[in-house]
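Comments are grouped by topic and may be read in any order.

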Amino acid sequence: MIDTGARSSYVKSHLLEPLGLHPVGISAVNTASEKNVICPRYAVRLGLPRGPLIDISVAEGPEDGLFGDTTQMLIGRDVLQHGILIYMGSQGQFTLAF
């Protein structure tokens with residue numbers, strides 16, 4: 001999911017667990033139903049197809065209120081600042097280029 005209103009990116013915990021990462025900090029996350037949900041942050045290197053490797057700190061997103069059933073990651077402005085996002089709302093399409 002792409003969220004231009006989110007400062008940071010968030011990942012579901014089941015994707016982080018197998019990596020054996022240790023938290024490097026915490027974030028207070030606001031969801032639709034709760035405020036200041038404390039979530040651990042992890043330093044990661046994100047690789048995108050035909051794009052650069054991006055070193056960011058992602059938060060483990062709270063399972064309730066941030067992700068839908070099929071969403072695995074929320075991409076925020078920390079990643080989007082490295083590329084160009086074009087949203088074509090009338091067509092229900094977007095292009096993200098790096």
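**Notes on the predicted model**

1. A search of the whole structure, which is a predicted model, returns one salt bridge. The partners are D55 and R45, whose side chains meet at 2.8 Å, N to O. Since D55 belongs to strand β4 and R45 to strand β3, the pair ties together parts that are ten residues apart in sequence. Both D55 and R45 are exposed.

2. The strands deserve a separate remark. Five of them form an open sheet with mixed pairing, in the order β2-β3-β4-β1-β5. At the edges stand β2 (25–29) and β5 (73–74); each has a single partner strand, so one side of each is left without a neighbour in the sheet.

3. Strand β1 (residues 10–11) pairs with β5 in the antiparallel sense, over two bridges. Within this pairing, V11 is placed opposite M73 of β5. V11 and M73 are also members of the largest nonpolar core.

4. That largest nonpolar core comprises twelve residues, among them L16, Y42, V44, L46, I54, I56 and V58. At least two core residues come from each of β3 (37–47), β4 (53–60) and α2 (77–80). A second, separate core has nine residues, including V37, C39, A59 and F67. As general background, nonpolar side chains in soluble globular proteins tend to be buried together.

5. Which residues does L46 contact, leaving aside its neighbours within four places in sequence? They are P52, L53, I54, I56, M73 and V79. Of these contacts, I54, I56, M73 and V79 are listed with L46 in the largest nonpolar core.

Key:
Residues numbered from 1 in each chain as written. Predicted model: local features only at pLDDT ≥ 70, side-chain atom pairs only at ≥ 80, totals over all residues. Heavy atoms only, no water. Core = buried A, V, L, I, M, F, W, Y, C linked by side-chain atoms within 4.5 Å. Buried < 20%, exposed > 50% of the residue type's maximum accessible area, 1.4 Å probe, protein only. Helix = DSSP H or I, 4+ residues; strand = E, 2+ residues; numbered from the N terminus. Contact = heavy atoms within 4.5 Å. Pairing = 2+ DSSP bridges. Salt bridge = Lys/Arg side-chain N within 4 Å of Asp/Glu carboxyl O.
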